[in-house]
Amino acid sequence: MITIEHISKRFGGKPVLNDVSFTAEDGKVTGFLGPNGAGKSTTMRAALGLIAPDSGRALIDGSPFRSAKAPMAAVGAVLDAKSAHKGRSAYAHLKALAQTNGIPVSRVDEVMDLTGIASVKRRRAGAFSLGMSQRLSIAAALLGDPRNLILDEPVNGLDPEGVKWVRELCRFYAGQGRAVLLSSHLMSEVALTADNLVIIGQGRILETTTVADFVAEHSAHALRVATPEPDRLRAIFASAPDVTVEPVERRTSDPAIGEVFRISGADLETAARVFAQTRLVTYEFVEERASLEEAYMTLTHGEVQYANREVPGQKPVQYGAPASTPAPTPAPGPAPVSAMPPVPPASPARPAASPKEVTR
């Protein structure tokens, strides 16, 4: 369990963390989200004793990390993909970590197999791409078969297969009753991976919740209807002051015929019954739910420290109540890297020692 209690921190008089408190529970993946500069990395470094907070404390399984007798068994951390010495081979880097932490050298080969870098074990870390460096940092984090994982943007530079592997790894560790604290800007992956969420903005905790509750609270549900009878559709809701019916642009997934509308404020089941009773012809009738990314942007659009400018010729994207937020710039696609072996399925019992499994 990773516990952050009332941590505050200033750098050069500038507040970076302000009374930050949350818990990453055992058996759960906790997604740690926030805009750039919100304080995510600073919080993670404080948890590992790399930054001394001005007030508050961070505990790993009830004790400060610095007091851990076996640090790499207490926490496996990914903070910087390029942390390995550029002149050392991947194997030498991991072997040095193992020998200085009382970990059997045989574990080095196990984690290299697990992370898919066994074929480049003799290559210098300085020659690795970002994706391969990320795999090496993950291998180092797993070296001590830790009870907790702290992962700061672990999927940066990974190809889609590698991103999926990290997701499975997080779920596997949580399935064994361990705590996983995961920071990422890939909202789709957090939605698929995390159980709980901690949202931080400008050094303050904005919300601690679950993924499902967060999306439900910060997004407005609507009905999407395609019909050849727009006048009849409007007439159905004409006497319902809390319901709005507005035409929307057709998507590629919408039927090619009929007009498309978004209905806000109407209940799905009630609308379905009314449509059936009035025999309204519909080509599409679905309930729209916001994604985690849309709900996140709704909450944090006022907490962004580094705001983008509108791209010339493009409409700004709006999130939540009428506040314009420029469309986020897409990140460049990761370069192809070698495939990772699959993570073994989670089970209550510890898996037996094998190069393909996460073992102590």
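Q: How many of the 10 residues of helix α4 are buried?
A: This is a predicted model, in which local features need pLDDT of at least 70, side-chain atom pairs count only at pLDDT 80 or more, and totals for chains, interfaces and linings use all residues. Residues are numbered from 1 along each chain as its sequence is written, and side-chain values use heavy atoms, with hydrogens and water left out. Buried means under 20% relative accessible area, exposed means over 50%, and partly exposed lies in between (1.4 Å probe, protein chains only). Helix α4 is mostly covered, and its count of buried residues is seven.

Q: Which residues of α4 are buried?
A: Helices (H or I, at least four residues) and strands (E, at least two) are DSSP runs, numbered from the N terminus. Helix α4 covers residues 106-115. Its buried residues are Arg 107, Val 108, Glu 110, Val 111, Met 112, Leu 114 and Thr 115.

Q: Which helices are included in what covers the buried residues of α4?
A: Contact means heavy atoms within 4.5 Å. The cover over the buried residues of α4 includes α3 (90-99), α5 and α6 (160-175).

Q: At what angle do the axes of α4 and α5 cross?
A: Axes are lines fitted to C-alpha atoms, for helices over the stretch in contact, and angles run from 0 to 180 degrees between N-to-C directions. The axes of α4 and α5 (residues 130-142) come within 9 Å and cross at roughly 135°.

Q: Which word describes how α4 lies to α5?
A: Angles under 35 degrees count as roughly parallel, over 145 as roughly antiparallel, 65 to 115 as roughly perpendicular and the rest as oblique. The axes of α4 and α5 cross at roughly 135°. That makes the arrangement of α4 to α5 oblique.

Q: Which residues of α5 meet α4?
A: The α4 side of this meeting is made up of Arg 107, Val 111, Leu 114 and Thr 115. Their partners in α5 are Arg 135, Ile 138, Ala 139 and Leu 142.

Q: How many charged residues does the contact of α4 with α5 have?
A: Ala, Val, Leu, Ile, Met, Phe, Trp, Tyr, Cys and Pro count as nonpolar, Asp, Glu, Lys and Arg as charged, and the others, Gly among them, as polar. By class, the contact has five nonpolar residues and one polar, and its charged residues number two.

Q: Is Arg 107 buried or exposed?
A: Arg 107 has its place in helix α4. Its C-alpha atom is separated by 6.6 Å from that of Leu 143, 36 residues apart along the chain. Because its relative accessibility is 3%, Arg 107 counts as buried.

Q: What angle do α3 and α4 make where they pack?
A: The axes of α3 and α4 are 9 Å apart. Their packing angle is about 130°.

Q: Which residues of α4 make the contact with α3?
A: The angle of about 130° makes α3 oblique to α4. From α3, the contact uses Ala 90, Tyr 91, Leu 94, Lys 95 and Ala 98. From α4, it uses Val 108, Asp 109, Val 111 and Met 112.

Q: How many nonpolar residues are in the contact of α3 with α4?
A: The contact of α3 with α4 has no polar residues and two charged ones. Its nonpolar residues number seven.

Q: What angle do α3 and α5 make where they pack?
A: The axes of α3 and α5 are 10 Å apart. The angle between them is about 20°.

Q: Which residues of α5 make the contact with α3?
A: The angle of about 20° makes α3 roughly parallel to α5. The α3 side of the contact is Ala 90, His 93, Leu 94 and Leu 97. The α5 side is Leu 136, Ala 139 and Ala 140.

Q: Which residue takes a positive phi just after α4?
A: The phi value in question is about 80°. The residue is Gly 116.

Q: Which residues of α1 are buried?
A: Six of the eight residues of helix α1 (residues 40-47) are buried, so the helix is largely enclosed by the rest of the structure. They are Lys 40, Thr 42, Thr 43, Met 44, Ala 46 and Ala 47.

Q: Is Thr 30 buried or exposed?
A: Thr 30 lies in strand β3 (residues 29-33). Beyond its neighbours within four places in sequence, its contacts include Val 180, Leu 181 and Leu 182. Because its relative accessibility is 1%, Thr 30 counts as buried.

Q: What percentage of the residues in the protein chain is buried?
A: The protein chain has 11 helices and 15 strands. Of its 360 residues, the buried ones make up 45%.
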